[in-house]
Amino acid sequence: MRVPMTEYLFIDLDTERWICRVCAHDFGDARGNYKEGTLVHDRDPREIHPPVIDPEKYEFTFSPDPAYCRILEFYCPTCGTQIEAEYLPPGHPPTVDMLWDIDSLREKWEARGDDPEEVVNYGPGENAVTDLSARFDSVGGHSHSTHREGEH
Ligand SMILES: [Zn+2]
């Protein structure tokens, strides 16, 4: 049983692994931090937030100071989907944004008796579509189309 946890992450309760909802990449132990299984891009915030006003004339602009702020982007190493992003001081390790009680999660979904993939009806957006269905189907045992145009 796979439980959608975010737009791009499942927890597979059978294997207790974090799984990419786009391509079925395995990010690691569902009792741990999925970010350890991602590719991380440490971004200079000036690339994301332009200064708007002339940085030659003004000490402070609309760009965060890269000496105080970095933007960490987390990507699936298989399909390249951006899974998460966060703002941190330079050198700060990635945060742990989700730690789940897997036993309780399993207990609640089993008691409910529904398929979480049918009940949770949000998912990867159209811009996340990639044709890795062969890999996805071989991992999950379910039949899923990765063509999600028009679905939300
Ligand atoms: Zn992926």
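These are my notebook entries on a predicted model of one chain.

**Ground rules.** I number residues from 1 along each chain as its sequence is written. Since this is a predicted model, I take local features only at pLDDT of at least 70 and side-chain atom pairs only at pLDDT 80 or more, while totals for chains, interfaces and linings use all residues.

**Overview.** I started with the element list. The secondary structure comes to four helices and seven strands, and by my terms helices (H or I, at least four residues) and strands (E, at least two) are DSSP runs numbered from the N terminus. Read from the N terminus, the elements go β-β-β-β-β-α-β-β-α-α-α.

Next I looked up burial. I call a residue buried if 20 or more other C-beta atoms lie within 10 Å of its own, exposed if 12 or fewer, and partly exposed in between, with C-beta atoms placed from the backbone. On that count, 20% of the 152 residues of the chain are buried.

Then I checked contacts, meaning two residues whose C-beta atoms, placed from the backbone, lie within 7 Å. Of the contacts with a separation of 6 or more, 47% are between residues 24 or more positions apart.

I count two strands as paired if DSSP finds at least two bridges between them. An open sheet takes four strands in the order β1-β2-β3-β4, with antiparallel pairing. At its edges I find β1 (2–4) and β4 (26–29), each of which pairs on one side only. From one strand to the next, the twist averages 25°; the axes behind that angle are lines fitted to C-alpha atoms, for helices over the stretch in contact, and angles run from 0 to 180 degrees between N-to-C directions.

I went through the pairs in turn. β1 runs antiparallel to β2 (residues 9–12), and three bridges join them. Arg2 has Asp12 of β2 as its bridge partner, and Val3 has Ile11.

Phe10 faces Ile19 of β3. This pair is a hairpin too, with four residues between the strands, and Glu16 in the turn has a positive phi of about 55°.

**The core.** I looked for the largest nonpolar core, where a core is a set of buried Ala, Val, Leu, Ile, Met, Phe, Trp, Tyr and Cys residues joined through C-beta atoms within 7 Å. The largest one has 18 residues, and those touching the most other members are Leu9, Trp18, Cys20, Val22, Cys23 and Cys76. Both β2 and β3 (17–20) supply at least two residues of this core.

**The three-stranded sheet.** The other open sheet I looked up has the order β5-β6-β7 and antiparallel pairing. β5 (39–43) and β7 (82–88) each have a single partner strand, so one side of each is left without a neighbour in the sheet. Here the twist averages 20° from one strand to the next.

β5 is joined to β6 (residues 70–75) by five bridges, and the two run antiparallel. I see Leu39 opposite Tyr75 of β6, and Arg43 has Ile71 as its bridge partner.

Six bridges join β6 to β7, also antiparallel. Arg70 has Leu88 of β7 as its bridge partner. Their hairpin has six residues between the strands, and in it Gly80 takes a positive phi near 80°.

Ala24 has one of about 75°, and its place is in the loop between β3 and β4. Is Ala24 buried or exposed? With 25 other C-beta atoms within 10 Å, Ala24 is buried.

Val52 has a positive phi of about 65°. I found Val52 in the loop between α1 (45–48) and β6. Val52 is exposed, with 10 other C-beta atoms within 10 Å.

**Helix α2.** Last, I checked how many residues of helix α2 (residues 102–112) are buried. The number is zero of eleven, so α2 lies largely in the open. Just after α2, Gly113 takes a positive phi of about 80°.
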